[in-house]
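Student: I would like to go through this model and ask, term by term, what lies behind each description. Could we take a few residues and then a few larger features?

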Amino acid sequence: MDKIQDAIAKARATRAQQPGATGSSAASKGNALWQALPSHTPSQRRLARNRIVAVETSRRATDFDVIRTRLLQQMQANNWKRVAITSPTAGCGKSTMVMNIAFSLARMEEHRTIVAEVDMRRPSLAKSLGLPNHHRFADVLAGHSPFEEHAARIGDNLVFTTNDGPVHASAELLQSARTGQTLDEIERLYAPTVMLFDTPPMMTGDDTMAFLSRVDCVLIIAAAEQSSIKQIDNCERDIASQTNVMGVILNKCRYIDPDKAYGYYG
Ligand SMILES: Nc1ncnc2c1ncn2[C@@H]1O[C@H](COP(=O)(O)OP(=O)(O)OP(=O)(O)O)[C@@H](O)[C@H]1O
Ligand SMILES: [Mg+2]
């Protein structure tokens with residue numbers, strides 16, 4: 001386990017040392033690039049229909065704001081930037097969680113968040129947000145297209161890069177050296193403070209396992225009355241063999257508290 005932690009720390013330190021990875025010059029260069037990305041304004045009705053409630057401060061947004069703040073505290077304490085969100089099985093609420101955390105982060109001016117859809121088997125973010133349906137982040141990762149042709153900016157400090165449909169041989173793409181280089185390049189150029197990755201479920205293929213070494217930490221979304229303790233345990237163990245487990249969020253809880261749909265176990 002120590003070896004893994006050492007390897008993760010080394011990879012992070014290498015990324016931090018890349019020219020332009022940190023500092024105000026990277027940030028100002030990044031600013032111009034952010035402004036140049038095509039902007040998108042999602043409709044309120046579409047957001048509400050898809051349970052995206054954290055766009056503005058409200059009582060319903062509070063659960064996500066709490067998760068955002070705990071996430072930021074852990075990230076800052078550990079110098080983490082890349083967070084993957086996964087779950088044991090399908091439909092636990094990963095994509096909904098990613099979008100709500102992203103909008104919650106976007107209400108903090110000092111943060112710049114890039115959300116990347118690496119769920120290439122059942123991509124859903126473009127539909128939920130009404131984003132252009134010709135975007136294909138897989139082509140960016142494969143080195144076939146530039147990032148700016150497959151990314152949309154919402155407001156000043158939130159960018160989504162998504163996929164217009166299922167991607168062939170996604171596990172091979174996600175573990176290719178090219179994917180690692182492309183992600184490093186996006187991070188270097190755009191200087192985000194947070195990168196969120198919406199990944200597929202752990203138990204439905206090897207895509208997420210193939211990608212985990214590229215992130216600093218992972219948030220697991222379990223669904224009440226759906227995810228078993230054994231599934232969550234296995235998931236945690238598999239993730240811990242590759243990177244840091246940030247915590248488990250119990251989603252879709254009906255019986256905790258009428259006002260709270262989430263339980264967080266750090
Ligand atoms: N807290 C919640 N309470 C009730 N329904 C929810 C909650 N979170 C998400 N959902 C609903 O559950 C369904 C699945 O959510 P979502 O698409 O976010 O899950 P997912 O884990 O990304 O699924 P997939 O594995 O297919 O990518 C959606 O209809 C979503 O609106
Ligand atoms: Mg999803």
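Student: What makes Arg178 exposed rather than buried, going by the C-beta atoms within 10 Å?

Tutor: Please keep in mind that this is a predicted model. Arg178 has 12 other C-beta atoms within 10 Å, and a residue is called exposed if that count is 12 or fewer, so Arg178 is exposed. Arg178 belongs to helix α9, which covers residues 177-190.

Student: Which residues is Arg178 in contact with, once its neighbours within four places in sequence are left aside?

Tutor: Arg178 is in contact with Leu141, Ala142 and Gly143. For Leu141 there is also a C-alpha to C-alpha distance, and it is 6.8 Å, although Arg178 and Leu141 are 37 residues apart in sequence.

Student: Why is Ala116 called buried?

Tutor: The cut-off for a buried residue is 20 or more other C-beta atoms within 10 Å, and Ala116 has 28 of them, so Ala116 is buried. Ala116 sits in strand β2, residues 113-117, and, leaving aside its neighbours within four places in sequence, is in contact with Phe137, Thr161, Met195 and Phe197.

Student: Why is Pro42 described as partly exposed?

Tutor: Pro42 has 19 other C-beta atoms within 10 Å, and since buried requires 20 or more while exposed requires 12 or fewer, the count for Pro42 falls in between, so Pro42 is partly exposed. Pro42 is in the loop between α2 (24-36) and α3 (44-49), where its contacts beyond four places in sequence are Leu47, Leu129, Gly130 and Ile154.

Student: Where is Lys252, and what is its phi?

Tutor: Lys252 lies in the loop between β7 (244-251) and β8 (263-265), and has a positive phi of about 60° although it is not a glycine. Lys252 has 17 C-beta neighbours inside 10 Å and so counts as partly exposed.

Student: Why is α4 called roughly perpendicular to α5?

Tutor: The axes of helix α4 (residues 62-78) and α5 come within 9 Å and cross at roughly 75°. Angles of 65 to 115 degrees count as roughly perpendicular, so α4 is roughly perpendicular to α5. On the side of α4 the contact is made by Phe64, Asp65, Ile67, Arg68 and Leu71, and on the side of α5 by Asn100, Ile101, Ser104 and Leu105; by class these residues are five nonpolar, two polar and two charged.

Student: Which residues touch the most other members of the largest nonpolar core?

Tutor: The core has 68 residues, and Val83, Ala102 and Leu196 touch the most other members. Helix α5 gives the most to this core, with eight residues. Ala102 is in contact with Thr113, Val115, Leu158 and Leu196, its neighbours within four places in sequence being left aside.

Student: What surrounds ligand 1?

Tutor: There are 16 residues around ligand 1, and the closest are Ala90, Gly93, Lys94, Ser95 and Thr96. Helix α5 (residues 94-106) supplies the largest share of this shell, three residues, and by class the shell has four nonpolar, seven polar and five charged residues.

Methods:
Residues numbered from 1 in each chain as written. Chains lettered and ligands numbered in written order. Predicted model: local features only at pLDDT ≥ 70, side-chain atom pairs only at ≥ 80, totals over all residues. Near = placed C-beta within 6 Å. Helix = DSSP H or I, 4+ residues; strand = E, 2+ residues; numbered from the N terminus. Nonpolar A, V, L, I, M, F, W, Y, C, P; charged D, E, K, R; others polar. Contact = placed C-beta atoms within 7 Å. Core = buried A, V, L, I, M, F, W, Y, C linked by C-beta atoms within 7 Å. Axes fitted to C-alpha atoms, helices over the stretch in contact; angles between N-to-C directions. Parallel < 35°, antiparallel > 145°, perpendicular 65-115°, else oblique.
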